[in-house]
Amino acid sequence: MTPTIVFPVLIGGLYAAGIYLLLDRSLTRVLLGFLLLGNATNLLLLSTGGPGGMAPILGYSEPEDMSDPLPQALILTAIVITFGVAAFVLAMIHRSWRLARNEAVSTDEEDRRVAARSATDADELDPDELAPEDRPAGHADSLPVRRIPADDVDLPVTGVER
Amino acid sequence: MLALLLLHLAAAALAPLLVRWWGRQAFLALALVPAASFGWIVSRLGSVTDGGDLRETVPWIPTLDLEIVLRLDALALTLAALVTGVGALVLVYCARYVEPDADGTGRFAGTLTAFAGAMLGLVLADDLLLLYVFWELTTVFSFLLIGGDGRRLAARRAASQALVLTTAGGLAMLVGLLLIGRASGTHLLSEVVSKPGSGTAMVAGTLLVLAGAVTKSAMVPFHFWLPAAMEAPTPVSAYLHAAAMVKAGIYLVARLAPGLADQPGWRPVVLGLGAATMLVGGYRALRQTDLKLLLAFGTVSQLGFLVVLMGAGSRELAAAGLAMTLAHALFKSTLFLTVGVIDHATGTRDLRRLSGLGRELPVVAVIGCLGAASMAGVPPLLGFVGKEAAFAGLWDAGLPDRTAAAVVLAVLVLGSALTAGYSARFVWGAFARKREVVEPVGADSRPGALFLAAPAVLALAGLLAGPASPLLEHLVAGYADTLPLFAPEPEHLGLWHGWQPALALSAVSLLGGAALFAGRAAVTRTQRRLAVGASADEGYWNVVQGLDRLSILVTGTTQRGSLPAYLGTILVVVLALPGTLLLTRAPWPGEWRAWDSPVQALVGVVVLAAAAMSLRIRQRLSAVLVVGVTGYGLAVLFALQGAPDLALTQFLVETLTLVTFVLVLRQLPKDISERHRPRERLVRGVIAVGVGALMAAASAVAIGARDAPPVSADYPEEAYGFGGGKNIVNVTLVDIRAWDTLGEISLLVVAATGVASLVFLRRRTGAVDRLDPAAGATHGGDTPAGGGRAPRGRWLAASVTLPPERRSVVLEVITRVLFHTILVFSLYLLFSGHNEPGGGFAGGLVAGLALVLRYLAGGRYELGEAAPVDPGVLLGAGLLFAGATGAGGLFLGAEVLQTAILETTLPVLGDVKLVTSLFFDMGVYLIVVGLVLDVLRSLGAEVDRQEDDDDPIELGEDEVVIR
């Protein structure tokens, strides 16, 4: 099928604009970029559905004159789902603003912390430094003589087992 | 056999309930299950002694060729009898060991019973994968039993250590089993053993399976998890870590030895690790002061011994190994249970604090001495019989290679001397009167008969089985005869074989043990002097810490914490890989057209201009409007392309999106602040232009490549013939591709729930804001009437609740006039959608817009009056409608979601054609209305409420928000 120039140019332009906005830190602009990307993708689906035609409704046009109904069905649900997801992101913006007075995606502090501590390790407990009753049994040839009830402060101590 | 396994499963599931009813006595009832299994298994003795077997095959997953194949032969019977017999006794023991009011007894009982079932399944399984499943089940139950209630650090560490090690071995074993199965062309253990494959895959598979056996049976260098696992309660140590689970590795070695012992690598690995383990375990047992740890290292040592015997691959050593397995299970569980009794009575297991206990608890002392004597190999106990058979076998032949046999024999004698040494140390430590103990700990209480029953029975069994060992010969031979005999003639089990070298070796090992005990002070000094700083356990922790460091390094390098950076990385990959393909491989279209129509090009220019403007505009609302222009432009393009349904939906959705944006953005600052440096913007621009060009090219290629007839060519015919509708797009949605639509409306439900839960913090939604005449929260002065009916003289029911400056009479009038008209129109769209543009989506959106109008004109109380329902109810009802329609097709004799057409003539309406997919569309309608209502209720009404009530976040008294 012969492509028109309009569709590829339009699709490329919408994608470029959408991606540029998507890479912003402001959630509002991210969402706008997402909407542009959604429009661009719907257009891409539609354009690959072949040349335009009459509405795919029997009695209104003959089957051979109709545009392809399948991409239309796919796009129709995609449009509504885009609305659902956009509403969700808007709710996230609302919440972010309510709680932190900030609608920008800031750098993840936890990631930064992990990156900063490359020299240390997560489990810094050395068996030698533990209290004898917490030591792995095989380590120092010793098991605790008496079990201690619990080592977690906030758990309620219920019964001493032997 | 399957019935036995199911019995265990049922008992395990019932155990918590039984414990709640009967307390610790429930263990006695639970013990009946393994006891009954024991009875059944022993009663099958006659049918397996001559090399016969019993089989049960139940299809499991036929498509994967998986079956539940259970097989009972001499080896399986011996192990199964051990597992069930010791299991029953240990459960009886638990009935007195567990404190009457202890926490978590129900869970403990259930896990222990479930473990017994899994272990029984492990020894009965004949299918390779089934074996693996049971193998890992025992690992998991062992983890749960060691970890206990998870409140102690040491127990948690021991449990995770055992889990990590045995699962790692188990995974290696899984690969090995698959390789072996592939190379041998069968998935049955019995067939693998009788006709093993050959080649590299077989050798690799064998070694990997051995890795599983080595970790499970705590061979060097993985032996350290077993002493650590002594954190578990004593019955668990006696059962899992002496009699049953650690025997799984021994069992696997014994099971495969007849077929695989001659594989290259088998004997060096098995004999080398086994011998080393026997020495290391014995050496370390000699210096333990905790009786339980002493036994644990003794178990490690004995497991090494058993692996040597079972893995040697000769008839004489296999017979000795099976006898020794029985003996070990009997004496080691006796000893563990004895330690449990001592611990219960005195509160300590430290042999430096115990003294003179033999006199205080003579029965316990007799039981303990019987167990220790069997462990040391003193005649006439079963331990002696097994050891003697092993020595005799190795003296005569035992291995294909004489030198190897001599070395192994020397190691075994040395190991047995160590065993005798720590057996003596155990008896001395537990029961003897020691002068150096200044303040001995006495027994607070005397153990009852039931408490002593289990160790007594086990000790007596070990005592009686020695003289009666010729009776075991049939059973042992049933397995051992599957292996080649290297000695001139087979040795039979028995106490007395005449004056022969093996007897002398037994005497040597006992004397050596006596010497080690007599010189225990010197031994301790030497061990202290030889002690090295490193241990396998520390090596394990170092490896674990190294992994931690590595993972932090990798995480720290790749996760920089910036969302644009992550997205940019993804997009660059998209550019690099599909982009390269597109440039090099894609078929470029040969000819181009400018446009379908000039109007299309005009709209395209407008859309592009709007998209370009959206990049520059920093004012929030303007940017939203500009993006909205692209959406409306898209709707025009849809219409031009011949897609009226799409155009309609796009118009409606675009309007709704604008409203939702406004609802949220009214709280935010007017402008979006710039947070990016020029260089970042440049990089973003480059990526954006690149992806845009890529997608433009992709679309051109895709359009050009469309030359095959589309799958939808037959849709028009099918739509009318099967779907009963003329609007093909709508029929596609509700019939041809109804499964898709069902998934997509489920997604809408999820999105709506997500929106609501982000705004309403604690409940899905708050109460519906209805007018309350008593509250009188109005700005109009007079009280509004309830019931949703607008009182005379006012256009809307609840608009008086708005402050005067927010009211608009024009909007109220328009809303009053149009609201019901719009709702009727939405229903029209829903019902006519099957044959004309419209349908559930469009209808639902129109109804949603009607609600938007009510809310905008009259505020949140007006919305409550317009739709006094919980949006969740609408969403749920919609999903139910759609799903029930799908199931309804089944009842009408069709497939799920297939449309049924009912045509009939009614008196007034005339011919009525009812298509069941209409109900599906109603479900879609309800869900879309529910989605819009949810958005309005959360982002509209609830946000209003939070502002009105000056309650930023709805919180309880004891709740805090972590920012």
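Reader: Fine. At what angle do α2 and α3 of chain A cross?
Author: Helix α2 (residues 27-48) of chain A and helix α3 (residues 69-100) of chain A cross at roughly 175 degrees, and their axes come within 10 Å. The pair is therefore roughly antiparallel.

Reader: Which residues meet there?
Author: On the α2(A) side they include A:Leu27, A:Leu31, A:Phe34, A:Leu35 and A:Leu45. From α3(A), A:Leu74, A:Ile75, A:Ile79, A:Val89 and A:Ile93 are among them.

Reader: And how many in that contact are nonpolar, polar or charged?
Author: The contact of α2(A) with α3(A) has 16 nonpolar residues, 6 polar and no charged.

Reader: Switching to the interface. How many residues does each chain put in?
Author: Chain B brings 142 residues and chain A brings 112 residues. On the chain B side, helix α29 (residues 678-704) gives the most, with 15 residues.

Reader: What's the make-up of that chain B side?
Author: It splits into 77 nonpolar, 34 polar and 31 charged.

Reader: What ipTM does the complex get?
Author: The predictor gives an ipTM of 0.78, along with a pTM of 0.70.

Reader: What about chain B itself, what's the mean pLDDT?
Author: Chain B has a mean pLDDT of 88, with 94% of its residues at 70 or more. The pLDDT is below 50 over residues 774-778 of chain B, a stretch with 6 contacts in the model beyond near neighbours in sequence. Residues 780-787 of chain B also stay under 50, and the model has 14 contacts for them beyond four places in sequence. Where pLDDT is low, the predicted coordinates should not be read in detail.

Reader: Got it. Which residues touch the most other members of the largest nonpolar core?
Author: B:Ala80 and B:Ala323 do, in a core of 216 residues. Leaving out residues up to four places away in sequence, B:Ala323 touches B:Val385, B:Gly386, B:Ala389, B:Ser469, B:Leu472, B:Val476 and B:Leu493. There's a second, separate core of 129 residues, which includes A:Leu35, B:Ala688, B:Leu742 and B:Val846.

Reader: Why does B:Val175 count as partly exposed?
Author: Because B:Val175 has 15 C-beta neighbours inside 10 Å, and partly exposed falls between 12 or fewer for exposed and 20 or more for buried.

Key: Residues numbered from 1 in each chain as written. Chains lettered and ligands numbered in written order. Predicted model: local features only at pLDDT ≥ 70, side-chain atom pairs only at ≥ 80, totals over all residues. Core = buried A, V, L, I, M, F, W, Y, C linked by C-beta atoms within 7 Å. Contact = placed C-beta atoms within 7 Å. pLDDT = per-residue confidence, 0-100. Axes fitted to C-alpha atoms, helices over the stretch in contact; angles between N-to-C directions. Helix = DSSP H or I, 4+ residues; strand = E, 2+ residues; numbered from the N terminus. Parallel < 35°, antiparallel > 145°, perpendicular 65-115°, else oblique. Nonpolar A, V, L, I, M, F, W, Y, C, P; charged D, E, K, R; others polar.
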